Amino acid sequence: MMGVIAGFFSYETNKSVVVKSWSVGIINRVVQLVIITYFVCYVFLYEKAYQVSDTAIESSVITKVKGFGELNNRVMDVADYIYPPQGAGVFCILTRIIVTDNQFQGRCPEVRALSDFICPSSSMLEFKDFTIFIKNSIRFPLFDVTRGNFPSTLNITNCTFDKDLDPSCPIFRVQDILRETQQNASVLAKKGGEIGINIEWQCNLDLNIDRCVPKYSFRRLDAPFENNTISKGYNFRFAKYYKTEKGTEFRTLHKAYAVRFDVMVTGKARKFSLIPTVINVVAALTSIGMGTVVCDVILLNFLRGAEQYKAKKFEEV
Amino acid sequence: MMGVIAGFFSYETNKSVVVKSWSVGIINRVVQLVIITYFVCYVFLYEKAYQVSDTAIESSVITKVKGFGELNNRVMDVADYIYPPQGAGVFCILTRIIVTDNQFQGRCPEVRALSDFICPSSSMLEFKDFTIFIKNSIRFPLFDVTRGNFPSTLNITNCTFDKDLDPSCPIFRVQDILRETQQNASVLAKKGGEIGINIEWQCNLDLNIDRCVPKYSFRRLDAPFENNTISKGYNFRFAKYYKTEKGTEFRTLHKAYAVRFDVMVTGKARKFSLIPTVINVVAALTSIGMGTVVCDVILLNFLRGAEQYKAKKFEEV
Amino acid sequence: MMGVIAGFFSYETNKSVVVKSWSVGIINRVVQLVIITYFVCYVFLYEKAYQVSDTAIESSVITKVKGFGELNNRVMDVADYIYPPQGAGVFCILTRIIVTDNQFQGRCPEVRALSDFICPSSSMLEFKDFTIFIKNSIRFPLFDVTRGNFPSTLNITNCTFDKDLDPSCPIFRVQDILRETQQNASVLAKKGGEIGINIEWQCNLDLNIDRCVPKYSFRRLDAPFENNTISKGYNFRFAKYYKTEKGTEFRTLHKAYAVRFDVMVTGKARKFSLIPTVINVVAALTSIGMGTVVCDVILLNFLRGAEQYKAKKFEEV
């Protein structure tokens, strides 16, 4: 193999000495360029080897829903149609309720009493006009950086989230979320469903901390089961308990169709760090130096080797 | 050091020239083999350097329990014994309830009224026959791939999970889960406990997407505290509130022993990516080439160095 | 470039041969030292390349609050002031409640009945004396290691967490948590707020497993919104439902100010693994060997190249 490669470098005239130096220079420059390109484009720009990153985000979510509904001609407010009420990251807006009144335990619970009534789902459609206020506070433990999803100075009394016009407002209209996820509001209200609200934090902490803001996206979570005829929508049962004058307990069973919202928070922060930067700069310089020198050595050997090879061959002849 | 190594390569007869070329060839092939083995076995097969991976899984879990229980001769259904009722990823099946009836606030709440009754835990044992339906929808944000834990076409009306016979059915019998975690059902019903249901997604997105299915495993979560006599089992207190005719509020206090189920979802997806593949193939080829050439150069130098070394030595003599 | 470097190595007297060997040795030792330092300090000690790590922690949290409060001269216990009651990782201690009594649905829910009463927040301040018992069981799936946040043998009947004196006791006084997070208890009780309890597991599984214990830290989660006048504190609304003798449902609306506690668990385990260790030791040895040999070759070439260069130059002259 050596001989074959060396063959490329066998020259005989004086002119060839100039050609040799010239090709050594060209090859060196090409090798240097490849190494520099690799380190600059891939290691530093693409892999960001001068930074350390943290994805172990600590997150806390508080939600608050506002709006009024109507169920069987009774006005309902958040205390009635939000479950659970404490404003967690996962919560349900009840859209349709089938009530089975006055069940005395001991009777077979699956036989519905005559007093059943199904609230007309069409009149619940106003849930589109509800608003969801999301308060999300996160922390990147590695860098001890804490951020909220809206600035302290923001007036949140009358803003509405709009990804183009008002992307920092933390108040979302259900209607806008449904539009983004291409949901039919009336089908959703009738059958129930799940919607994911994703809050994504991508923070380069070397830049101004004010640029560390979240990006919101919405999607239908039960999309993978869309074509399954049996497990469609979302509903659950719960009971309210009462006592008669005589102290006998009875209950009202509710089968609630609901839209469940899951607020999911993901994030990654990156920040300059001395050690990986030094290591990678040294690696880059070493590679450039080594590349250049090894090139020189190899080429010189090939050239000299070729000459000696020829000299030997002539002697043998 | 140079001299010592060079010593290994000092030959004198014509025959030695053949030996030299032959050993250079052998060493080159061995070096190439080591480098190729390293890249093929470790970098590409073990580390899968041609793929990028995503562990930042977005997951949403919905559960639905089915089955009937009996408490103090009263039939109970899901609305009575599942807490919280909305079908979250963490839920409790109440297995035993100590009820303190008709507490009027103002009385010392820790003094139990005479009307206390403890539901006989043996008659609750039927919770083994309950089934848990789990609907899990996940997304790998890096690849924008969404999957459900069962195929849209699966008929889930009468299937039961069996890790050998029916591993894709999302309906789990509590009895099977208890068997897997080696729990004694009657002890668990009496003292309460915690069971983890782990859903693990390991997806190679270069293969058919239908092979991206979850693996279920079950374990007892409170195992680390098993030998602690004080903090055994799992129970919590809750109250139901009533009003007398005159509007005075009173409550029924429940101390509920329960089996708590935690559905935990973990996952990792991998997919071919051009940039790391190109980088690693180039690195492999460069290493093989460099290895070969550096071998040649080193060995040639040793050979030539040895000859010159001897020549010099002879001159000195 | 070759010529410039070679210039540094052009010597003429016999003495120079000794200098040459000496400088080759020095440079070799320096190169070896740099490479060894890099591998020992950075690759092995800093990056811990002999271990594999797992951050995909599986965690389950159970909490139990103890203490008595007083609301409007009525004694309250955990069943009344903890929401949700099942002892999840996220729970609220109600500190102030505004009650709107006897709302019959159909009336506008936002008009408060005259029977409103605001519980005096000062008398709730005793929530500082509450204790929170946290039971946290974790698992590192990669190593199949399960740990609890306190030893099975610990007597937890009368211990209290103290980060210096008793760091393994899992019972936390609210007062201590408030002090750590620099919260004013009376402001917090009046407005509500959020406090994060972080449990951090950093486990080197090559050491004794008993050293794999968690570290607790506390912080105020709504700190990023501290200066926002509108979205201050934490509160939510919930209703209790009653029925009149005639079966008409009515409710009591509660606006509850609460301190919400979020138990957040993060963790990382590391353990010796053969494959990365072998790969990195081989890489270290190869680098040291290569470094030494390449140094030798380069320097020998420079020396010889310089001599030949001069020889050629003399011939030309």
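How many residue pairs are in polar contact between chain B and chain C, counting pairs with both at pLDDT 80 or more? The count is 14, where a polar contact is a pair of N or O atoms within 3.5 Å; within protein, one must be able to donate a hydrogen and the other to accept it, and residues adjacent in sequence count only if both atoms are side-chain atoms.

This is a predicted model, in which local features need pLDDT of at least 70, side-chain atom pairs count only at pLDDT 80 or more, and totals for chains, interfaces and linings use all residues. Residues are numbered from 1 along each chain as its sequence is written, chains are lettered from A and ligands numbered from 1 in the order in which they are written, and side-chain values use heavy atoms, with hydrogens and water left out.

**Stop 1: chain B against chain C**

Show chains B and C together. In this pairing 47 residues of chain B are in contact with 54 residues of chain C, contact meaning heavy atoms within 4.5 Å. The two chains bury about 4,300 Å² between them, 58% of it on carbon and sulfur atoms; buried area is the accessible area (1.4 Å probe) that two parts lose on being put together, summed over both. On the chain B side, select Arg219(B), Phe225(B) and Lys243(B): these lose the most area to chain C, together 14% of what that side buries.

Next, display Glu58(C) with Arg219(B). They form a salt bridge, with the closest N and O atoms 3.3 Å apart. A salt bridge is a side-chain nitrogen of Lys or Arg within 4 Å of a carboxyl oxygen of Asp or Glu, and the rule finds 4 of them across the interface of chain B and chain C.

Colour chain B by secondary structure. Helices (H or I, at least four residues) and strands (E, at least two) are DSSP runs, numbered from the N terminus. At least two residues of the side that touches chain C come from each of α2 (15-46), β11 (193-204), β13 (235-243), β14 (249-272) and α6 (274-316) of chain B. β13(B) gives the most, with 8 residues. By class, this side of chain B has 24 nonpolar, 10 polar and 13 charged residues; Ala, Val, Leu, Ile, Met, Phe, Trp, Tyr, Cys and Pro count as nonpolar, Asp, Glu, Lys and Arg as charged, and the others, Gly among them, as polar.

**Stop 2: a residue of β11(B)**

Select Ile195(B), which lies in strand β11 of chain B. Ile195(B) is buried, with a relative accessible area of 0%; buried means under 20% relative accessible area, exposed over 50%, partly exposed in between (1.4 Å probe, protein chains only). Leaving aside neighbours within four places in sequence, the contacts of Ile195(B) include Ile177(B), Leu188(B), Arg219(B), Leu221(B) and Phe261(B).

**Stop 3: chain A and its hairpin**

Move to chain A, which has 6 helices and 14 strands. Of its 317 residues, 52% count as buried. Among its contacts with a separation of 6 or more, residues 24 or more positions apart account for 69%.

Select residues 235-243 of chain A, strand β13, where 8 of the 9 residues are buried, so the strand is largely enclosed by the rest of the structure. Two strands pair if DSSP finds at least two bridges between them. Arg237(A) has Lys255(A) as its bridge partner in β14(A). The strands form a hairpin with 5 residues between them, and Gly247(A) in the turn has a positive phi of about 90°.

Stay in β14(A) and pick Arg251(A). Arg251(A) is buried, with a relative accessible area of 2%. Its side chain makes polar contacts with the side chains of Asp77(B) (2.8 Å) and Asp80(B) (2.7 Å).

**Stop 4: chain A against chain C**

Finally, show chains A and C. The area buried between them is about 4,300 Å². Select Gln86(A), Lys135(A) and Ser152(A), which supply 14% of the area that chain A buries against chain C, more than any other three residues. Then display Arg219(C) and Glu58(A), whose side chains meet in a salt bridge (3.3 Å, N to O). Helix α6(A), residues 274-316, provides the largest share of the side of chain A that touches chain C, 11 residues.
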